[in-house]
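Morning, everyone. Let me put something new up on the screen and walk you through it.

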Amino acid sequence: MQAKPKIVAAAAAVLLAGCASGPSPADLDAQFAAMMKASFRDQGIAKADRLKQDAAQAACSSDKPPAEAQAKRLEAEAMSTIKWPSGGQYFGDFAAGEKLAQSGVGMAWNNKSTAPKDNGGNCYNCHQIDRKELSYGTIGPSLWNYGKLRGVKDLNDPKAAEVIQYTWGRLWNSHAFAACSNMPRFGHQGILDEGQIRNLMSLLLDPRSPVNQ
Amino acid sequence: MKQTTLHAAVLALALSASGHAMAQDTAKGIAEYRKMLEDGNPAELYEMKGEALWRQKRGPKSASLERCDLGKGPGVVKGAFVELPRYFADTGRVQDLESRLVSCMATLQGFDAAEIAKTAFGKGEMANVTALATWIAAQSRGMRFALPTAHPEEKRFVELGKRAFFYRAGPHDFACATCHAVDGQRIRLQDLPNLTKNPGDGIGFAAWPAYRVSNGQMWSMQLRLNDCYRQQRFPYPGFGSDVTIALGSYMGVNARGAESIVPAIKR
């Protein structure tokens, strides 16, 4: 009996707080999900199911980075997805790699297929690579002299193995090294295939590549 | 012809440099190229078309748009653009300039709003919406953004827009924030405004609609957002869909105080 007025007062307080601050974050999350679902539609190869997030995307979708423990867990998960090159063959053709790095096409609704052969690497959009190309983006770090600066003089030298593996992993699934990296997960998401990544590896690491002159 | 010459000029400026000075000279070349572009902005043609469309009796009801309420009362055009998107009691929705124009075309002139929303950019009545938006926006040139935020729906749309801005998805894991949450970055040579705050006068939200030299088209904010989502590798956002309005609310509120230079001219 005596508790009743308190409960009413508490309920009133909740209502007032609700009026003052608008919908709760949980309400907004639900409204946001409904809004996204209603706002987008399939177009060509870009289907509406692309809005569905995996754990890594969901954790990196606010103005605050995930907590360190969660980030570490996501990085470990990403690391476990890296597919190392078949036959231990890490390298291809640096000229083909340059061509791929220049191309920004692929995976958009106006592209005809999602097959890796129809996709570019988008690399120059965000990185300086060969210094001769003046039109480069700055979202990612400069990759000019990438192999040279890391002391790669001979791709078969065991001392180069670590940077070679790191670079492959970065290209395959960048989230293994930074949970919310801005760099697409080229291998993991099926944007590029092994052969294409080999060509990019050569562009970055081969001592004969224009990048390392 | 003119375009080719300008591109050549930029290239020559850029190539004349070497080593450390190279990047600096490239930036200078781009700045000079932009300056040259400003001399003649074809957006003026769209402004003229838009003004004529506003006054012309059209549609099944053979009426003009002169009684359209863009937020500051029926027929008030000056200053309307820098206060949009905002909440409209008659539709019960937060609307941006383009979706509001379509509402007016439906109620005053009798056009089919759903049909217009389905029309491709640059075609039919959609081309008219873009021209109208260009003229109306131009009437607020030199004014500063001041979106109203008193209505709960306006507050809610800013919050929803913020969520949309940071929402990562798709094969490339891109969000709006991937390219637009840090100062001073570029894609290729294109400067990227930081849209999480006021990016400066005439930059970002304060620069669209804009005339795009690269494809010779007038780009409205709806088309700007549509093409951002294409490049994000997202599915297709509907014209005037809530996500596009919410992003406008978020960017517009962040741009509070920024001077509108609309219609701008872009690469």
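Let's start with L132(B): leaving aside neighbours within four places in sequence, L132(B) touches G50(B), L53(B), W54(B) and L101(B). By contact I mean that the C-beta atoms of two residues, placed from the backbone, lie within 7 Å.

Quick housekeeping. This is a predicted model, where local features need pLDDT of at least 70 and side-chain atom pairs count only at pLDDT 80 or more, while totals for chains, interfaces and linings use all residues. Residues are numbered from 1 along each chain as its sequence is written, and chains are lettered from A and ligands numbered from 1 in the order in which they are written.

Back to L132(B). Along with I136(B) and A246(B), L132(B) has the most contacts inside the largest nonpolar core, which has 100 residues. A core here is a set of buried Ala, Val, Leu, Ile, Met, Phe, Trp, Tyr and Cys residues joined through C-beta atoms within 7 Å; buried means 20 or more other C-beta atoms within 10 Å of a residue's own. The biggest giver to this core is helix α6 of chain B, residues 124-138, with 9 residues. Helices and strands are DSSP runs, by the way (H or I, at least four residues; E, at least two), numbered from the N terminus.

Now the domains, with bounds from an automatic or database assignment. Chain B splits into domain 1 (2-38), domain 2 (43-138) and domain 3 (152-266). Taken over C-alpha atoms, the centres of domains 2 and 3 of chain B are 21 Å apart. Each of these two domains puts 22 residues into the contact. On the domain 2 side, α6(B) again gives the most, with 5 residues.

So where does chain B meet chain A? There, 37 residues of chain B contact 42 residues of chain A. Among the elements giving two or more residues on the chain B side are α2 (21-38), α9 (221-231) and β7 (236-237), but α7(B) gives the most, with 6 residues. The two chains also share strand pairing (at least two DSSP bridges between strands): β1 of chain A, residues 40-41, runs antiparallel to β7(B) over 2 bridges. In that pairing, F40(A) has P237(B) as its bridge partner.

Last stop, α9(B). Its buried residues are M221(B), Q222(B), L223(B), L225(B), N226(B) and Y229(B), and they pack against α4 (97-109), β6 (217-219), β7 and α10 of chain B. After α9(B) comes R233(B), with a positive phi near 65°.

Terms used. A residue is buried if 20 or more other C-beta atoms lie within 10 Å of its own, exposed if 12 or fewer, and partly exposed in between; C-beta atoms are placed from the backbone.
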